[in-house]
Amino acid sequence: MIAVFPTMIFGALAALLALAAPAAAHSELRRSVPAQNAVLDASPPEIVVAFNERVQVTTLRLVDAAGRQIRLPTATLRAAAAVERAVVPSALAPGWWRLEWAAISADGHPISGRVHFEIRSSP
Ligand SMILES: [Cu+2]
């Protein structure tokens, strides 16, 4: 009978964890550079996406108004981290840009989003 107790306690803990799991949310983007709808006077030197917890960023790319893409390397794919930074390889042309990101959330689910920003043409 005594041997039953650890099993029961483990079973109860497992049941509690199973109940708690659906309540846990996906990781969230907390901040980006450039920020959503930012209007910049010059091409940004780097791209930053910061999350509320450690994620693995699987895709990070810049897309211009004509749909041309610039893929950026991601470091957090190899070692999960809350902040992904990528150097912009060459100056971005003035106009609208879209930063597209995709990541594996800390809970293992895929998440993604878009950040729009504009680079003003010099006067
Ligand atoms: Cu999730």
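User: In β4, which residue is the bridge partner of leucine 62?
Analyst: Heads-up: this is a predicted model, where local features need pLDDT of at least 70, side-chain atom pairs count only at pLDDT 80 or more, and totals for chains, interfaces and linings use all residues. Residues are numbered from 1 along each chain as its sequence is written. Strands are DSSP runs of E with at least two residues, while helices are runs of H or I with at least four, and the numbering goes from the N terminus. In β4, leucine 62 is bridged to isoleucine 70.

User: How many bridges join β3 to strand β4?
Analyst: Strand β4 covers residues 69-71 and runs antiparallel to β3. Two strands count as paired if DSSP finds at least two bridges between them. Here the number of bridges is three.

User: Which glycine takes a positive phi in the hairpin of β3 and β4?
Analyst: Four residues sit between the two strands of this hairpin. The one with a positive phi near 90° is glycine 67.

User: What stands opposite aspartate 64 in β6?
Analyst: β3 and β6 run antiparallel and share eight bridges. Across from aspartate 64, you'll find tryptophan 97.

User: In β5, what is the bridge partner of alanine 50?
Analyst: β5 takes in residues 81-87 and is joined to β3 by six bridges, with the strands antiparallel. Alanine 50 pairs up there with valine 83.

User: Do β2 and β7 pair in the parallel or the antiparallel sense?
Analyst: Strand β2 spans residues 38-40, and β7 spans residues 110-119. With three bridges in total, the sense of the β2 and β7 pairing is parallel.

User: How many residues lie between β6 and β7 in their hairpin?
Analyst: β6 (residues 95-104) and β7 pair in the antiparallel sense over 10 bridges. Glycine 108 in the turn has a positive phi of about 90°. The number of residues between the strands is five.

User: Is aspartate 107 buried or partly exposed?
Analyst: You'll spot aspartate 107 in the loop between β6 and β7. Counting other C-beta atoms (placed from the backbone) within 10 Å, 20 or more means buried, 12 or fewer means exposed, and in between means partly exposed. Because aspartate 107 has 13 such neighbours, it counts as partly exposed.

User: Which residues does aspartate 107 touch, not counting those up to four places away in sequence?
Analyst: A contact means that two C-beta atoms, placed from the backbone, lie within 7 Å. Histidine 26 is 81 residues away in sequence, yet its C-alpha is 6.3 Å from that of aspartate 107. The residues touched are Ala24 and His26.
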